[in-house]
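Reader: I'd like to learn how to read a model like this one, feature by feature. Can we put it on screen and start with a single residue?

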Amino acid sequence: MIGTLVIVLPNAHIGGDLVIELGEKNHIFSSEAIKPINAKCIAFYADCNHKVEKVKDGFRIALTYNLVLKTEELVLPPLEDSRLCEAVKEYFDLKEEEQKLVCFLNHSYTEHGLKWNILKGEVG
């Protein structure tokens, strides 16, 4: 699962905002004023914290789907980046108490989305 899709159907209600958090940012998805012939939809990554605020009046009717990415078997990328190769070599040349190897990624992942061939962004 890489994300969630929410489709809110046109039904009169007050409240029920979907609040999506990603890091320090919040996005409020309001579905109060949907025209009778429309629906509203939003999709977000699986690592986003989210909550639905209390519905104060009426009924909020929503269809929620898990977005799944089919992947092939894990294939490790070739280590052609000379900086990475050199960093790994230098790491193992250090004394054990000095060994600290960290590779930061610029995206949070769910357990099932943490695969080499579907990583997002750049390694920093």
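Reader: Where is the place of Leu-63?

Author: Leu-63 belongs to strand 8 (residues 62-67). Helices (H or I, at least four residues) and strands (E, at least two) are DSSP runs, numbered from the N terminus. Before going on, some ground rules: this is a predicted model, where local features need pLDDT of at least 70, side-chain atom pairs count only at pLDDT 80 or more, and totals for chains, interfaces and linings use all residues. Residues are numbered from 1 along each chain as its sequence is written, and side-chain values use heavy atoms, with hydrogens and water left out.

Reader: What is the mean pLDDT of the protein?

Author: pLDDT is the predictor's confidence in each residue, from 0 to 100. Here the mean is 77, and 61% of the residues reach 70 or more. Confidence is highest in strand 7 (residues 55-58), with a mean of 94, and lowest in helix 1 (residues 82-93), with a mean of 70. Where pLDDT is low, the coordinates should not be read in detail.

Reader: In what order do the elements run?

Author: From the N terminus, the order is β-β-β-β-β-β-β-β-α, which gives 8 strands and 1 helix.

Reader: Back to Leu-63: is this residue buried, exposed or partly exposed?

Author: Buried means under 20% relative accessible area, exposed over 50%, and partly exposed in between (1.4 Å probe, protein chains only). Leu-63 has a relative accessible area of 35%, so it is partly exposed.

Reader: Which residues make up the largest nonpolar core?

Author: A nonpolar core is a set of buried Ala, Val, Leu, Ile, Met, Phe, Trp, Tyr and Cys residues joined through side-chain atoms within 4.5 Å. The largest one here has 9 residues: Val-6, Val-8, Leu-18, Ile-20, Phe-29, Ile-34, Ile-42, Phe-44 and Cys-48. Two or more residues come from each of strand 1 (3-8), strand 3 (18-22) and strand 5 (40-45).

Reader: Take Ile-42, then. What does this residue touch?

Author: Ile-42 lies in strand 5 and counts as buried because its relative accessibility is 14%. Beyond four places in sequence, Ile-42 touches Thr-4, Leu-5, Val-6, Leu-18, Ile-20, His-27 and Phe-29. Look at Thr-4 too: this strand 1 residue is buried, with a relative accessible area of 7%. Besides Ile-42, the contacts of Thr-4 include Phe-44 and Tyr-65.

Reader: Which residue has its charged end over the ring of Phe-29?

Author: A charge sits over a ring if NZ of Lys or CZ of Arg is within 6 Å of the ring centre and within 35 degrees of the ring normal. Lys-40 does this with Phe-29, its charged end being 5.5 Å from the ring centre.

Reader: Last one: is Ser-31 buried or exposed?

Author: Ser-31 is buried, with a relative accessible area of 1%, and is found in the loop between strand 4 (25-29) and strand 5. Its contacts beyond four places in sequence include Val-8, Lys-40 and Arg-60.

How values were computed
Contact means heavy atoms within 4.5 Å.
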